[in-house]
Amino acid sequence: MPRTPSSHVQQCAALICAYLSGDEVGCAVLRAESELTLRQWRESAIVLSATVMVLLAHVRGREPLDVLCVFVPERHEVFPGDRDAAEALAVIVYYHLHREILADEDVVVDLVPSLFDIAISAVAELAREWSRPAIEVARLLAVGAATYQRPVW
């Protein structure tokens, strides 16, 4: 499977930064002018969500799966559409365990809205843990996304 380019993950992180800073125009531009396909948005959002959840687990001194299994994201309107948080969390768990993205035919609903809800909610929780503004955590995430390399096992 080809690796998810860091530029795709960085685009997702930039969208989260724009959202958290209240830049609705920036969000609209990042979504509308992006050359990412739905699959690329999904893959990048999975990588980003999994990364933030692992960081959150580390800060809390818990195992990532323990945090993932009880996580309840808030709804954020980065992407419109129906939500299926349980399915999105299951896809993140799969990625965390196997280090690969599920094939398109294994995903029956559009998970992008739910994946962004999870990523932004996790950023907000991480910000509370660190007593920092959420935008600072999101910017840190964007910097990390610029150097993202898909791990090879």
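How many helices and strands does the secondary structure of the protein chain come to? I found seven helices and zero strands, where helices (H or I, at least four residues) and strands (E, at least two) are DSSP runs numbered from the N terminus. Read from the N terminus, the order is α-α-α-α-α-α-α.

**Ground rules.** I am working with a predicted model, in which local features need pLDDT of at least 70, side-chain atom pairs count only at pLDDT 80 or more, and totals for chains, interfaces and linings use all residues. I number residues from 1 along each chain as its sequence is written, and side-chain values use heavy atoms, with hydrogens and water left out.

**Overall form.** I looked up the radius of gyration of the protein chain and got 14 Å, close to the 15 Å that the globule rule gives for 153 residues, so the chain is as compact as a globular protein of that length. That radius is taken over C-alpha atoms, and the rule is 2.2 Å times the number of residues to the power 0.38. The C-alpha trace spans about 35 × 35 × 30 Å along its principal axes. I noted that 46% of the 153 residues count as buried (under 20% relative accessible area; exposed is over 50%, partly exposed in between, with a 1.4 Å probe and protein chains only). I also checked contacts (heavy atoms within 4.5 Å): of those between residues at least 6 apart in sequence, 77% join residues at least 24 apart.

**The core.** Which residues have the most contacts inside the largest nonpolar core? They are Trp41 and Phe116, in a core of 50 residues. Such a core is a set of buried Ala, Val, Leu, Ile, Met, Phe, Trp, Tyr and Cys residues joined through side-chain atoms within 4.5 Å. I see at least two core residues from each of α1 (6-20), α3, α4 (64-70), α5, α6 and α7. Leaving aside neighbours within four places in sequence, I list among the contacts of Trp41 the residues Gln11, Leu15, Leu30, Phe79, Val112 and Phe116.

**α5 and its partners.** I find α3 (residues 38-60) packing on α5 (residues 85-98) at an angle of about 75°, with the axes 9 Å apart. That makes α3 roughly perpendicular to α5. Axes are lines fitted to C-alpha atoms, for helices over the stretch in contact, and angles run from 0 to 180 degrees between N-to-C directions. Angles under 35 degrees count as roughly parallel, over 145 as roughly antiparallel, 65 to 115 as roughly perpendicular and the rest as oblique. Ile46, Val47, Ser49, Ala50 and Val54 in α3 meet Val91, Ile92, Tyr95 and His96 in α5.

I then turned to α5 and α6, whose axes come within 9 Å and cross at roughly 75°. Here Ala85, Ala88, Leu89 and Ile92 of α5 touch Ser114, Leu115 and Ile118 of α6.

**Loops.** Arg99, in the loop between α5 and α6 (112-130), has a positive phi of about 55° although it is not a glycine. Ala103 is found in the loop between α5 and α6 and touches Arg39 and Arg42, not counting residues up to four places away in sequence.
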